[in-house]
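Open the model in a viewer and keep the selection tool at hand. The tour goes to the ligand, then to a pair of helices.

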Amino acid sequence: MATEMSGSTSTINQNRGGLEGVVAATTALSKVDGTAGRLIYRGYNIHDLAGKASFEEIAYLLWYGKLPTKMELVDLKVQMLEERTLPTAVLQVLNYLPPTAVPMDVLRTAVSAYGAATIQGKPTLDHAIALTERFPLILAAFHRIRNGLEPLEAHPEIGYAANYLYLLTGQMPKEEHVRALDTYLVLLADHGMNASTFTARVIASTESDIASAVVGAIGALKGPLHGGAPSKVKDMLDAIGTEDRAEGWLRDALAHGDRLMGFGHRVYKTQDPRAEELCEMARIADPQQFALAHKVEELALALLKEQKPGRRLYTNVEFYTAVTLSSVGLPGDLFTPTFAASRIAGWTAHILEHVANNRLIRPEAEYTGPIEQQFVPLDER
Ligand code: ACO
């Protein structure tokens, strides 16, 4: 006869699941203060970095633990430039995949192919730099292939953000587009123990390789409850279309039990500081789309307050990401992969931080099923 396991008062039972509030690691990389609405990268407030430091400077800060001097930044950029090609194996994979494939799936597959072709051994900083530089190359190459165009040679003289935009179109990007994308990349580079970073650290803790850890992180980022939201925000804004339709559309969505994409956050119970920065960027980058988005935001916040009282749901980073990234010319299905092209700096920094002082991450599950079942052979069942 089956007996039930007696319930234990584990942490998981005391909270609402999802490891909410559980401290899973120590890190010196970033602090997310969800009460004050503050994000800090290695001691620097995100508001002091956005629009003032480049993505390369922030990647350096995360990888090396300090902001670079001019010479140190030049050295990093030289090393990144040396990585500005795609191995044939990766190009073959990109050509082999159907043009209808989801770019986030393509990125996951191409990073896996890149790892198989080039990466071996313990995670190193050289691996981190090499992988990071490949992200825009992979995305732009696939985007061109799916449109029947040849991938371009990377530009040897421009920065990470500019090269990404250049590789998509073959045109030198506008200065304001580069600035907007670069600021976006700075804002998204790291964010405490988010789901994809945790995934990367779990995989790295098994002494697997860095590419495997990053492939896992890409898979975790893809989901709409994490990094997959901004294209859905764009879909929502497109479906609403005009300000007068916004309230009805949002009420309908909530009445159907749908979540409003771009709102709510596990840690921020106040304004997401990245959303504040992106809101200002979106206002300048595309005033027309911003006007609609701003109206939708106002109404959504009011409706969430009315219909989800006490849940403290605010605008998250993904909401104005949609306006910002479409204003620089990116199609909706490249929003989440572009998030990955920023977060790769944080993922790899976390992997290196973890392996420097590794212990296998192996939590427990509280078993709630039966025990001591009597086995009955197949032909007697
Ligand atoms: N729209 C409507 N209701 C919401 C939303 C939302 N966006 N977010 C949370 N809620 C409601 C839930 O329905 C729930 O209500 P209930 O108590 O009546 O059941 C309550 O608020 C708490 O929701 P949880 O899922 O427990 O909150 P959690 O901390 O897990 O949620 C999450 C965080 C997943 C981001 C959630 O707010 C959400 O789904 N948002 C929409 C998707 C999104 O924007 N994702 C991007 C997040 S930012 C990032 O990862 C970079």
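**Stop one: the ligand**

Select L260: one of its polar backbone atoms is 2.7 Å from a nitrogen atom of the ligand, a polar contact being a pair of N or O atoms within 3.5 Å. This is a predicted model, where local features need pLDDT of at least 70 and side-chain atom pairs pLDDT 80 or more, while totals for chains, interfaces and linings use all residues. Residues are numbered from 1 along each chain as its sequence is written, and side-chain values use heavy atoms, without hydrogens and water.

Next, G262 places a backbone N or O atom 2.9 Å from a ligand oxygen. At R266, select the side chain: an N or O atom there is 2.9 Å from an oxygen atom of the ligand. Of the ligand's own 910 Å² of accessible area (Shrake-Rupley, 1.4 Å probe), the protein covers 82%.

**Stop two: the helix pair**

Select residues 125–146, helix α7, and residues 335–355, helix α17 (DSSP runs of H or I, at least four residues). Their axes, lines fitted to C-alpha atoms over the stretch in contact, are 9 Å apart at an angle of about 170°. The pair is therefore roughly antiparallel (over 145 degrees between N-to-C directions, on a scale from 0 to 180).

Now show the contact residues (heavy atoms within 4.5 Å), among them F135 of α7 and W347 of α17.

Methods:
Polar contact = N/O pair within 3.5 Å; in protein donor to acceptor, adjacent residues only side chain to side chain. Helix = DSSP H or I, 4+ residues; strand = E, 2+ residues; numbered from the N terminus. Parallel < 35°, antiparallel > 145°, perpendicular 65-115°, else oblique.
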